[in-house]
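Grab a pencil and work through these exercises with the structure open beside you. Try each task before you read its solution.

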Amino acid sequence: MTAPFPFSAIVGQTAMKQAMILTAIDPGIGGVLVFGDRGTGKSTAVRALAALLPPITAIEGCPVNSARIEDCPEWAEIGSKKVVSRPTPVIDLPLGATEDRVVGALDIERALTRGEKAFEPGLLARANRGYLYIDEVNLLEDHIVDLLLDVAQSGENVVEREGLSIRHPARFVLVGSGNPEEGELRPQLLDRFGLSVEVRSPTDIEERIEVIRRRDAYETDKGAFMKRWRSTDTKIRNRILAAREALPRITTPESILRDCAELCVALGSDGLRGELTLLRSARALAAFEDDTTLSREHLRAIAPSALSHRLRRDPLDEAGSATRVARTVADVLG
Amino acid sequence: MSEAGDRWDAACLALRLLAVDPDGLKGLCLRARSGPARQTFLTLLDAIPLPRVKLHPTITDEQLFGGIDLTATLAGEKIVFNQGLIENPSMMVLTMAERAGSDLAAKLAQVLDGDKGHCLIMLDEGAEPTEHAPPALTERLAFHVDLDGLGARDLTPVLFDHESLTAARARLAHVPAGADEVAALVTLAARFGIDSLRAPLLALRTARANAALHDHDRVTAEDLALAVSLVYPSRATMLPADEDEAPPETDQPAPQENPKEGDSNEPSGEIPDEMLIEAVRALLPAHLLDQLVPAGTTRGASGSGGAGARHKGNRRGRPLPSRHGRIDGTSRIDLVATLRAAAPWQPMRRRATPLAKGLLIRPSDIRLKRYEEKSDRLLIFLVDASGSAAMSRLGEAKGAVEILLAEAYARRDHVALITFRGVAAEVLLPPTRSLVQTKRRLATLPGGGGTPLASGLKAASELALHARSRGLSPTLALLTDGRANITLEGSADRTQAAMDSETLARLIRAQAIPGLVLDMSARPQDTLRVLAAQMGAPYLPLPRADAKRLSSAISSALEG
C-alpha cells in the first residue's frame, strides 16, 4: 500500500476539506457528499483523510472494531481481550458490490468445509466507527442504496437470511462522491448526507499550476514529499483531536437556535434535519476554530454545505441552490 | 507525409511513450473499427512490459476481482478461490469499450486510481459519434488515438527497440521538469478549455517519458510540444481565445480530408506558447468544431439520436446479471443462477431435514432475471394554434404532423400533441401510439386567440419530464410563429410574455430535452432564432412550406 497524497497538500477546495474535517470532529453530523467534475481531487481527498485521521483503539480481532469487550458481537467469538490500535477504517464500497458483500452473509467456507452456520461480516461491519466511501454514489444500485439508508439511520445492521439472525453495530460516516452529469441522486439519499459540497476545477492559473507541481513532486519522490507535509498533517490531526475534546463545552446562545430555525424556514427545507445538522456542524466548526461560543459567523460559514442539498427543486430558479442559500443567509442573518 | 500517415506515426509514438511509463500514463483509448490498422496496432502492444489481460463490457465482478470457484469447491470439499483477472499489475485490454456501462467504468477507474501499476487499453469500436467509450475512463487515459479510415498502405512498418525502451524506463525517474514547463502546460490546458487537472498532469508525464526516451537531461521545449500534441487535442473544448467564433450549428461532420480547419485565423499578439498551440492545432481532428461542447451545457443536451435512453426492466432487452429477490409475479426467475445459489447448501439442508426429497431450495436462493432495454422515443408536438399563427399555416402544420405520425408509427415511436391558444396550453393528446386517435384530434384542432408560448413550453417540458420518468425518451417539436403575447399567468403583456418563454426555453435546455423549432411565420423572425438557441434546439425557418417539406425538415433535424 503506497502512502496516499497528504491531506494538507491538497490545493484549494477549502469547502470540501472543511466538511471532511468537521465530520471527523463530530461523526454525528452524518456524512459528506462531494459532487463535482472529473479531475477535481474528490477521491484524492477522501483517501488522504483516511491517512490523516488519528488511530482508534479496538479489541483485537473484533470484526466491528469494538472499543470494549462487551461491545463485541457474540457471533464473532472473540478470544482475546487485548486492545490494539488500528487506523480509522475507511472502507470502499465498490459500485458493483453485491448485497452479500455489503451486509455480510453466511460464511461459505465454514458452511462448505465444516457444515457450520457462521456469519461472515460484510463491508458495513468493517466500516463501523469509521468511514464508508462510495465513489460514484449516484450510480449505485437502488437496492443497495435502500439498504445503506436503513443502516445509516439506525446505526445497526440486521441480517435475517439463510437461517441466520445476526445484528451488529454499524455506525459510520458516509462519504459519497459523484459527477452530477452522469446521474442524479435520489432525494431520500441526498437528505441523509449531513453536508454537501460542490467542487470545481480551480480557475486561477497559479492555483492550477500549484496542483500539478505538488502532484508531480508526489509522484516523482513519494518519500520526500510525505516528509515535507507530515508536520502540517500532524497539525491538522492535533486540531481535530483538540476540537473533539472541546466539542461538549461549546455553548449555544438562544439567539443562534432562533437563527437556525429562521434560516431553515426561509429556505423551506423539508423536515428538521436541516436545523439539526446546521447546529451540529456549526458547533464542530466552532470547536475547530478554538471558539467557545457559537456565533453567527459559524452559521454563515457552514450554511451552504449544510443546507444546499435539502432544498426543494425550483425548476424556474436557474441559480444553483448554493446561491439561493447564500442569498437567504444574507437576508436572515444580515 | 499524408494525413493518415501522420496519424499512424502519432499513434505509434503514443504507444512507445506508454511502453516507457505504463503506470503513470495509465493507457490509451484507440478508436478504430476492425481493419489492418487496428490489427497491426494490437500486435504492437507487446512492447508494453505488462502481462496482457482481455476484458469485455459484460465481464462479471467474479472474473474481475476473483471469487469462489464453485465447481472446484464442491468437488474438493475445500474452498477454492479463483484469482481475479486484475489482481496483479497488467495491461487490461477492454474490447468494445463503447458498450461498457458506467458501473464497469467506475470499477476500472477505481483500479486505475489505485496506482497499482495497471494500464488500460480501450478499444472503442463506435460507429456513430454518439457511441463512445465511457468518459470516466477516457478522461483518465493519457492518449486517444483515432485510426478510423486508415488502410494498409498508410501503415509504415514500426520496430520497437526493446533495449532502448528498458533504458528509458530506468532513466524516467531522474528527468527533472522545471516550474516553467509545468506553468506552460497548465496555461495551455486552460486556453484549450480543458477543465480537468488530469490533462496537464498526464501531459507532464508524457513529456517526461519522451525526454527519457530521447535521453534528454531535462524536459525540453520539444518534449513539451510533443506531449501537448498527443494529450490535449482530444480533450479540447475550445480553440484558443483569439479565435472566438462560435461553433457552427450544423450537424454534418466536416469532410475528413480538411486537415487545417483551425488554421484559417492566425493568432495575433505575443503569445509565449505559440509553438505549442500550433503543435496542437495541426493535430486537432478536422471535425472538432462540431464536437466542441458548448460550455455550461451537458453532453446529453445535444443527443437526439434515433434510439432512446437505456433503462432497466425485468421483461425485455439485454440481460443484466440476475439478482436476489422475491417472486412477485412480475419478474422471471433465473433458474440457473437460483440453482447455483442453492447448490452449496444442499448437504447442510439435507442434514437439517433428512426426510425431504429432491433439491432443497429456500426463498433466499431465488435469483431474478433483469434486463436493460432501449426505451421508446416520444415525439411531443407543440403546435401554435393562435390567431396570429394564421389559419392557413395551421393547416400546413397539421399536414406535417400527419406525415410524421405515419413515420412515427412505422418506427413504433410514441407521440403526444399539445396546442396553445387563447390564454393557456392544452394537452390534446397524452403520449400514445394510436395513429387514428391522433389524426382525429388533429383534424378537429381549432385555431384563434392569443399566443401563450410560455404556457405551451411549460406544458411540453412537464410532459417531457413525466415521460422520461416513465422511461421514454422525449423529443420536442415546436411549431410556432413566435409572437408570444400572453404571459405565463395568462395576462396580455408582450414583453413579459417574451421573457417568460425565454426562461422556459433555458429550462428545457437545462433539462437536456432535445428538440427543434419550426418557424411558420410568413417572414423568419429573429426572436424565434434566439429562442431556439436558448432551447439548444435547431431552428428551421419555413416561409413557404408545404406539409411535405415541413415533414422532411423535421425528419432530417431529428435524425441528425
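This is a predicted model: local features need pLDDT of at least 70, side-chain atom pairs count only at pLDDT 80 or more; totals for chains, interfaces and linings use all residues.

Residues are numbered from 1 along each chain as its sequence is written, and chains are lettered from A and ligands numbered from 1 in the order in which they are written.

**Exercise 1. Describe the make-up of chain A and chain B.**

Step 1: Start with secondary structure. Helices (H or I, at least four residues) and strands (E, at least two) are DSSP runs, numbered from the N terminus. Chain A has 13 helices and 11 strands, and chain B has 21 helices and 16 strands.

Step 2: Turn to burial. A residue is buried if 20 or more other C-beta atoms lie within 10 Å of its own, exposed if 12 or fewer, and partly exposed in between, with C-beta atoms placed from the backbone. In chain A, 44% of the 334 residues count as buried; in chain B, 41% of the 560 residues do.

Step 3: Look at contacts. Two residues are in contact if their C-beta atoms, placed from the backbone, lie within 7 Å. Among contacts with a separation of 6 or more, residues 24 or more positions apart account for 75% in chain A and 78% in chain B.

**Exercise 2. Describe how helix 11 and helix 12 of chain A pack.**

Step 1: Two packed helices are described by the angle between their axes and the distance between the axes. Axes are lines fitted to C-alpha atoms, for helices over the stretch in contact, and angles run from 0 to 180 degrees between N-to-C directions. For helix 11 (residues 273–288) and helix 12 (residues 296–307) of chain A, the axes come within 9 Å and cross at roughly 130 degrees.

Step 2: Classify the angle. Angles under 35 degrees count as roughly parallel, over 145 as roughly antiparallel, 65 to 115 as roughly perpendicular and the rest as oblique. Helix 11 and helix 12 of chain A are therefore oblique to each other.

Step 3: Find the hand. A crossing is left-handed if the near helix is turned anticlockwise from the far one by less than a right angle, and right-handed if clockwise. Helix 11 of chain A passes helix 12 of chain A in a right-handed crossing.

Step 4: Sort the residues that meet. Ala, Val, Leu, Ile, Met, Phe, Trp, Tyr, Cys and Pro count as nonpolar, Asp, Glu, Lys and Arg as charged, and the others, Gly among them, as polar. The contact of helix 11 with helix 12 of chain A has 10 nonpolar, four polar and no charged residues.

**Exercise 3. Which residues touch the most other members of the largest nonpolar core?**

Step 1: A nonpolar core is a set of buried Ala, Val, Leu, Ile, Met, Phe, Trp, Tyr and Cys residues joined through C-beta atoms within 7 Å.

Step 2: The largest core has 167 residues, and B:Leu28 and B:Met122 touch the most other members. Helix 10 of chain B gives the largest share of this core, 10 residues.

**Exercise 4. Is B:Leu17 buried or exposed?**

Step 1: Locate B:Leu17 in helix 1 (residues 3–20) of chain B.

Step 2: B:Leu17 counts as buried because it has 28 C-beta neighbours inside 10 Å.

Step 3: B:Leu17 and B:Arg208 are 191 residues apart in sequence and 9.3 Å apart in space, C-alpha to C-alpha.

**Exercise 5. Describe the backbone and setting of B:Asp215.**

Step 1: Most residues other than glycine have a negative phi. B:Asp215 has a positive phi of about 60 degrees although it is not a glycine.

Step 2: B:Asp215 lies in the loop between helix 10 and helix 11 (221–231) of chain B. B:Asp215 is exposed, with 11 other C-beta atoms within 10 Å.
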